[in-house]
Amino acid sequence: MCIVDSHSHSPLHRIEKWNGTYFQNVTLKDLGLCIQLGHKVGELCLLPNRAFNNDFVLIDTLAIHPLTVDFCRCDKAQPYIQQLLRVRWFPATTSDPRTAATFSVLWQFHILSFESKVSAYEFYHSLVRLTDNTGLLKRKDRYKAFMRMMLKRAARGHDPSGIIATQQGKCAVLCPACPQSGKNLPDDWSLASKAKSWLYASFLTIDANFRLKRRIVSKDTVDPSLSRGWGYFVDETAYWSHLNAHGMEAQEVHIQFFTDIEAHIIDVMQKSSCASHNTVNMADSQSSKGLAATGLGTINCARHNMKLPNGVGDLQKGERYINMDFLFFSTLHHRPVEVLNISYDIACQWHKNLWSRMATLPEDYHLDHTSKMIRFFVPKFHLPAHITKCQMSFSFNWSRWVGCTDGEAPERRWSNINPVASSTKEMGPGSRRDTLDDHFGDWNWKKVINLGASLLHKMKEAMQEKVTFQVAFEELNTAITEQHCATWKAEVEQWEDNSNDSSIANPFEAKTIAITQAGARLRLAQLEGQELESGADVSLHPEVSASILIGMGLDLEEEQFVKGLGNHVTDTQRGNLQHQRNTLQRKIELWWMAQALYMPIVQSILSTSTSTLSSSAIARTHALQEVHQCLRIRSSLLTYKKEWVHGQGANTRAQNALERVFERQAACTARYDAAWGALNILAQQLGKVGWQRGLRSLHPDDIPHITVTYLHII
């Protein structure tokens, strides 16, 4: 009895009893400990009531304990639920509770689920093994009861108007660094001049995740959510009402034209006019077999990478405009903005008919876009996949008042949330939304508590880089004449002040069109096709036309550049190389035969020239651009390797990537040298002078290592 008495204050200790051979686990319930609720420890109850069937189980951080529990039924006794909560035990049911969990274990699971993404099943069964790792003790499974005890807290229980009065998005953790009217903005912020309005700009980024699927399991009537759009998910009622009314047809854009008699409206599939974006072209073809949701669409804070209230919703097909539009305007609902910067992978396509599509949404979701400064961007990593026009028009780099925003914030978030996909895909709709809401809230909370240190680090880094960039800018500025500088500055300022006016030319857009080798071949083939159509074919060979001859010459020159075999060459490698040389020589001899028909003078040049095959090379004006690109890639890889690559395997792979880039750079340099040498010989034969001013000889000192600072400038 001394053990029982001493553990009346510690009923969750685990006891071992000597059975004559070894220490055997025994429960305090078996020893006769009875826990009386509703009274102080040791105080007798006049009217105790044993838990139903004396089968009470308490789930704690280190074990699952069977207990003997008596509830109090005295005149002033509280309900059973309150008696349990008073001792910090959370019941699984509201009537005749037989299972409870300590607040400690619920809090432990809550944090573990955020940090390790452990599922409730895995966590519960780890407690089962901590209780008995042999499997010899057969106890009733309380996993389903444990699942019913998952909590959702948002400090709304003490609202005088009640939980039901909670407004949309009020349970979300807000970004304290983003403009929040009535919280961190001056009273007259909406009246700020254009020169200061950028200080109160909102940065939004849009993205979708197709790993967070949900199978067709349960339904809202059986598994409803604990909230109604109070967190990060949109209000499902309004969302589905809009989708049912407008979203079940194919993704369309309405093109309207008029005749003398009547107006006609044609519905056509809206395909991408930029690169072939699957987000646009395959919006309706995403496989949804067996799925209630193919993924999630989200709206995020682009500057601080936080989920925004009412900015998350399920996708039924692909990344369709009808879904993303509703999420976008839903998160702007009750959020006053004057300056809005929007980043989206396909902003160049999505923004085109955005305001006309807005008319299909409820009236209170509409945005007075004509009185706002709204700009659209494509994230920096995704921008190179777009055509040149989009790269100029939707780049953060060419826009004022956006700082170093890259627009890729949601991409960095997915690595944290994707591990829960294996659990949430089998959940019902309400449980899944509540679980993801919980994880999004924890992500935002961690961002908030680390925001001070993060902003301080960025500020210190910016101060250091400012000095470096200032020196680079002054060096560039001194190389430009005052007249050119003033003219260019005026063009830039005019373009920045009228960012939504497409009639004003972008001063950052290249004024010349670079002629690539592929473009030159295409143009030659087109000219040859025009000659064939007009009957003016002047080909001197039945199979090799002039354009084909030039193309074959370029290909033969390319085949001459072969990667070195290294120091220890096998006979097999030597044999393969010799076969390649023999084949190449035969191709060159055949090419010379066709060349003699089109360029008879070349025969006399070859007979007097001692140059190698490269003397007949055709100038490749884009070789310098390839060298430049290799230098940029190499510099970026070196920076990435220095800052992020650790370990022998990762360093080996990074070094191999650097060697491949260096080999490509060497090959491009060799091609340029060959082209320059060929032009030099031809210029001597044809009497051309002054051509070296536009195409200089390339020396090793002309290809320095590009620093990170210079890489940002160019």
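User: Which strand gives the most to the lining of the largest cavity?

Analyst: A cavity is a set of points on a 1 Å grid over the protein atoms alone where a 1.4 Å probe fits but cannot get out, and lining residues have an atom within 4 Å of a point. Strands are DSSP runs of at least two residues, numbered from the N terminus; helices need at least four. Here strand E15 (residues 307–315) contributes three residues, the most to that lining. This is a predicted model in which local features need pLDDT of at least 70 and side-chain atom pairs 80 or more, while totals for chains, interfaces and linings use all residues. Residues are numbered from 1 along each chain as its sequence is written, and side-chain values use heavy atoms, without hydrogens and water.

User: How much space lies in the largest cavity, and how does its lining divide?

Analyst: A volume is the space filled by probe spheres set on the grid points, which are joined across faces, edges and corners. The largest cavity holds about 40 Å³. Its lining has seven nonpolar, two polar and two charged residues, where Ala, Val, Leu, Ile, Met, Phe, Trp, Tyr, Cys and Pro count as nonpolar, Asp, Glu, Lys and Arg as charged, and the others, Gly among them, as polar. Among the lining residues are Cys175, Lys307 and Arg335.

User: Is Lys117 buried or exposed?

Analyst: Buried means under 20% relative accessible area, exposed over 50%, and partly exposed in between (1.4 Å probe, protein chains only). Lys117 is buried, at 10%. Lys117 sits in the loop between helix H4 (103–115) and helix H5 (120–131), and has a positive phi of about 60 degrees although it is not a glycine.

Key: On a 1 Å grid over the protein atoms alone, a cavity is a set of points where a 1.4 Å probe fits but cannot get out, and a pocket is an open set with protein on both sides within 12 Å along at least five of seven lines; lining residues have an atom within 4 Å of a point.
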